[in-house]
Amino acid sequence: MDQFLKKAKEASAVFATIDTKLKNSILLQMADALESHVEVIIDANKIDLGYAYDQSLSEAMIDRLILDQKRVVAMAESLRQIAALKEPVGRILEGWTVESGLQIQKVTIPIGVIGIIYESRPNVTSDTAALCFKSSNVCVLKGGKEAQHSNSAIAKVLQEVLIHNDLPIEIISLLPDASREGVSKLIKQDQYVDLIIPRGGEGLIRYVSENATVPVVKHDKGLCHTYIDKDADLEKALNVCINAKCRRTGICGAMETLLVHEDIAQTILPTLKEAFGAYQTELRGCVKTQELIETSVANEKDFDTEYLDNILSIKVVVDETEAINHVKRFGSGHSDAIITENYGVAERFLNSVDSACVYLNASTQFTDGGEFGFGAEVGISTNKLHARGPMGINELTTYKYKVYGNGHTRA
């Protein structure tokens, strides 16, 4: 692995000389290549799906794993969107002249070599590779074993484009040792790797965070809430909540807990139960919820669980203060929403809930790099330092100071 990572580090120096026009051209070539190899990618994906069914993975996990023509075309389109974004490297963030006459510029630069550890979704391979490529970073990708054939097929397509353009394949590569021991070694290679981004289950995030010597930006669990206030538009609330839970239950932006103001609970909960019933969503409710609709019991463990499945916890609360406190206690700092027509209550919720993304009258499933105009995201950061929320190309840069003098010496 040392030799592999050394080559990746060397590739980052070569990469630094590539201009924007060439980078964009290569990204467009990669998009075309994905579409022209759609059958190869889908065939590889079928092998992974066979393994997934044999292992009795959940429907939500299988949904995240599936690649069909529509999804591969969407992957290609994501690359085209990333190519169309403004160049993130070399931007002058600030410029000024100090008393000594020195001219100083704060300029964006790539981070360097980025290790990305992820599970299930093979589209992450092309999305993160493209985001790193656009921001002039070398990426080392480690996907889950459940998607290894899909990831390998996608990476090979992208690497063939690099070879065609006389660039080292190490710019986009899969970690050669995908075992737990391989991951353990990768996250300690701070002489070659500049950043680790883990995105996946709670156990993976904890392991990487506790054992890495390389800096880590966490893509932690998405224990997302929606609070329906007493001043909510009930039709709006119904549509948003169904989307937040049922559009895709296995993504990190899916709602896991619904909070309902007690003044409207008797009115809206029966309607919600009927609507969720059409999607066969399993409802688990607090004592007050169970007095109004039939559900199984929701306990503290439920409120602390990211289901990533078609299960929803419901709690009736006294007001927005109790809702905010519930989110503070059980939330993961990912995405939380309020449904209300009361501006004052809305602003209090948005300002008080300390999550990466807070929403008014909108589904938490919008927490996605594509929906934020980033083309895609390398992860949804729940960190507070460096990057937070969907990480696009600008979050994959750092900066340095360029200082211009004319024979200046310090007294």
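Me: Which residue in S11 does Gly-285 stand opposite?
Reply: This is a predicted model, and what follows should be read with that in mind. Strand S9, residues 282-285, and strand S11, residues 311-317, run parallel and are joined by four bridges. Looking across from Gly-285 into S11, the residue that stands opposite is Ile-314.

Me: Which strands stand at the edges of the open sheet of seven strands, and why is one side of each left without a neighbour?
Reply: In general, the strands of a sheet pair through backbone hydrogen bonds, in either a parallel or an antiparallel way. Here the pairing is parallel, and the order of the strands is S10-S9-S11-S8-S7-S12-S13. A strand at the edge has a single partner strand, so one of its sides has no neighbour in the sheet, and this applies to S10 (296-297) and S13 (357-360).

Me: What angle does the direction of helix H10 make with that of S8?
Reply: Helix H10, residues 234-246, packs on this sheet, where it touches strands S7 (224-228), S8 (255-261), S11 and S12 (335-339). Comparing the direction of H10 with that of S8 gives an angle of about 160°.

Me: In the open sheet of three strands, which are the edge strands?
Reply: The order of this sheet is S1-S2-S16, and its pairing is antiparallel. Five bridges join S1 to S2 (residues 103-110), and Gly-95 stands opposite Gln-105 in S2. The strands that pair on one side only are S1 (92-97) and S16 (397-404).

Me: Which helix gives the most to the lining of the largest pocket?
Reply: The largest pocket has a volume of about 850 Å³, and of the 33 residues that line this pocket, the closest to its centre are Arg-121, Asn-123, Arg-247, Arg-248 and Asp-368. The lining divides into eleven nonpolar, ten polar and twelve charged residues. Helix H5 (69-84) and helix H6 (123-134) each supply at least two lining residues, but the helix that gives the most, with seven residues, is H5.

Me: Why is the pair of Tyr-227 and Phe-349 described by that particular word, and what is the word?
Reply: The structure holds six aromatic pairs. In the pair of Tyr-227 and Phe-349, the ring centres are 6.2 Å apart and the planes stand at 20°. Planes under 30 degrees apart meet the cut-off, so the pair is stacked.

Me: How many residues apart are Tyr-227 and Phe-349?
Reply: Tyr-227 lies in strand S7, whereas Phe-349 lies in helix H15, residues 343-352.

Conventions
Residues numbered from 1 in each chain as written. Predicted model: local features only at pLDDT ≥ 70, side-chain atom pairs only at ≥ 80, totals over all residues. Heavy atoms only, no water. Pairing = 2+ DSSP bridges. Contact = heavy atoms within 4.5 Å. Axes fitted to C-alpha atoms, helices over the stretch in contact; angles between N-to-C directions. 1 Å grid on protein atoms, 1.4 Å probe; cavity = no way out; pocket = protein on both sides within 12 Å on 5 of 7 lines; lining within 4 Å. Points joined across faces, edges and corners; volume = space filled by probe spheres on them. Nonpolar A, V, L, I, M, F, W, Y, C, P; charged D, E, K, R; others polar. Phe/Tyr/Trp six-rings, centres within 6.5 Å; stacked < 30°, edge-to-face > 60°.
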